Amino acid sequence: MTPSELGSRLAALEQAGRLRRRPLLDGPQQPACQLDGAPTLAFASNDYLGLAAHPRLAAAIEAGLARYGSGAGASHLVAGHSRAHAEAEAAFADYAGHEAALLFGSGYSANLAVITSLAGRGDAVFGDRLNHASLNDAARLSRATFRRFRHNDPDHLEYLLKNTPAASRLIAVDAIYSMDGDEAPLEALLALAERHDAWLYVDDAHGFGIRGGGRGSLAGAGLESPRLIHLATLGKAAGLYGACVGGSRLLVDWLVNTARTYIYTTAQPPALAHAVPESLALIADADDRRQKLVGYIHHLQQRLHSLGMQLIPSRSPIQALIIGANTQALACAERLRAQGIRVPAIRPPTVPEGTARLRISLSAAHRPEDIERLAEALHQSLL
């Protein structure tokens, strides 16, 4: 694309209802906020446990700043692997039940690291059709053969596994799918990985902190195997930023030596890493928040059903309401915005054509009256 084409390409996105803009948030991440200068009740954040503005995390970051300063200075292997990073990795591994862990600056970079380090030319990566974009990008960058199987269809995956000549195989899935909120059949997928000599890489971005008493989807399913690799992001339920990959010590040592997005980038600020053990302690003690969240999910589902609205089936905090056309989804979101409520309209290419939707994200920081207000506003906006 030439520089002169940018304007026309942006105009085409706007015409198709795909142009995106960033609403301006003033203040901390919480349901009651100032968005684009107006008081707003937000259902857009992945801050599922309401920890993003928790005073204990702010205090931990302040203590980390006082001890370590504001920047890491270089990559981990050059000058950046501080004691804060090491202690964060050890705390996550202990909490999530892994032999070892590796801290990354983001879940996206972690996914790129793991898949491109374990798969290459002559190998095969198998991904669910609804995987996050970062998993798809990683599979393509690995230069392995990339095969996509039908969503949550172990039979289709097994057919592909049986018909690959690849020397090494890696299955990559989301534990909870970010746009529909449904869950991967992890037990069946692990059985296939065991049977076909494959890795199973589980991106638990939306399950960590919620499932398994907070330890994540693998713990919730009671799964353990040397073939399992667990990715937990720290910027959602954990209330911070970054990600941890958990697995065997051999796996972590391999990633330290081969993962390009780990080797060739400046380390996460150590002050953030210093707050990770505090975040894990909050998650471990958050049964009341998880119970409250489950209650909100049921309340919203039942209330919308009573008003004639059907959500995609999901027991996660992600509750999606299919609208259809891009322009209709945007119009619904704008009508909600006029009522002081933020629910993002999700459009292609993030979701398939014709399935533009309102994506509702619930948090333990919401109140019961917030759920009721949302339900009534949705009813008015869709009339």
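Phe 92, Tyr 95 and Phe 208 form a cluster through ring pairs. Rings of Phe, Tyr and Trp (its six-membered ring) pair when their centres lie within 6.5 Å; planes under 30 degrees apart are stacked, over 60 edge-to-face, and the rest tilted.

| Pair | Centre distance | Plane angle |
|---|---|---|
| Tyr 95 and Phe 208 | 6.2 Å | 85 degrees |
| Phe 104 and Tyr 262 | 5.6 Å | 70 degrees |

The model is predicted: local features need pLDDT of at least 70 and side-chain atom pairs 80 or more, while totals for chains, interfaces and linings use all residues. Residues are numbered from 1 along each chain as its sequence is written, and side-chain values use heavy atoms, without hydrogens and water.

Now to the domains. The assignment, automatic or from a database, gives domain 1 (22–53 + 287–381) and domain 2 (55–282). Their centres, taken over C-alpha atoms, are 27 Å apart. In contact (heavy atoms within 4.5 Å) are 21 residues of domain 1 and 21 residues of domain 2. Two salt bridges are counted between the domains, each a side-chain nitrogen of Lys or Arg within 4 Å of a carboxyl oxygen of Asp or Glu.
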